[in-house]
Amino acid sequence: MREPKTVFVIDDDPDIVEFATSVLTPYFNVKTGFSGNDCLQLVESNLPDLILMDVIMSHISDGLDCLRKLKESPQTKQIPVVMMTSVNDVYDYRSQIDPTFFAHDRWLDKPVKPEVLLRTALEMTGA
């Protein structure tokens with residue numbers, strides 16, 4: 001039997017972490033964190049197949065700062081990263097910037113429907 005792929009869920013909202021974990025656990029090995037620093041510490045001991053990460057956590061650019069560090073490192077730059085945000089409901093900043101500015105692989109708007117979260121994780125990991 002094949003070992004399940006690993007997905008990191010990184011969000012400062014414990015309800016989002018619990019929701020995503022409950023949706024993904026039947027299909028993936030899920031590890032969680034609540035900040036960009038948590039994510040960076042997790043990748044030191046275990047490289048995931050996918051990272052699902054909030055944009056705004058301990059500070060306004062926490063997720064994006066973590067993303068930049070992940071994509072600058074030769075050890076982690078190949079890991080697909082899906083950025084999750086509810087900020088787009090307030091201000092559509094994504095349409096105001098060059099889409100190549102952030103080295104993410106996909107955006108998900110919160111609240112994320114369970115089927116969208118699962119489908120995205122399955123597609124991004126090839127599971």
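Accessible areas come from the Shrake-Rupley method with a 1.4 Å probe, and for residues only the protein chains shown count as cover. With that in hand, the chain exposes about 7000 Å², and carbon and sulfur atoms supply 52% of this area.

This is a predicted model, in which local features need pLDDT of at least 70, side-chain atom pairs count only at pLDDT 80 or more, and totals for chains, interfaces and linings use all residues. Residues are numbered from 1 along each chain as its sequence is written, and side-chain values use heavy atoms, with hydrogens and water left out.

**Exercise 1.** Find out how many helices and strands the chain has, and in what order they run.

*Solution.* Step one: take helices (H or I, at least four residues) and strands (E, at least two) as DSSP runs, numbered from the N terminus. Step two: count them, which gives four helices and five strands. Step three: read from the N terminus to get β-α-β-α-β-α-β-β-α.

**Exercise 2.** Work out which residues of helix α2 (residues 36-45) are buried, and why they lie on the same side.

*Solution.* Step one: apply the cut-offs, buried being under 20% relative accessible area, exposed over 50% and partly exposed in between (1.4 Å probe, protein chains only). Step two: Gly36, Cys39, Leu40, Leu42 and Val43 of α2 are buried. They share one side of α2 because they cover an arc of only 160° around the axis, taken from the directions from the helix axis to the C-beta atoms. Step three: on the other side of α2, Asn37, Gln41, Glu44 and Ser45 are exposed.
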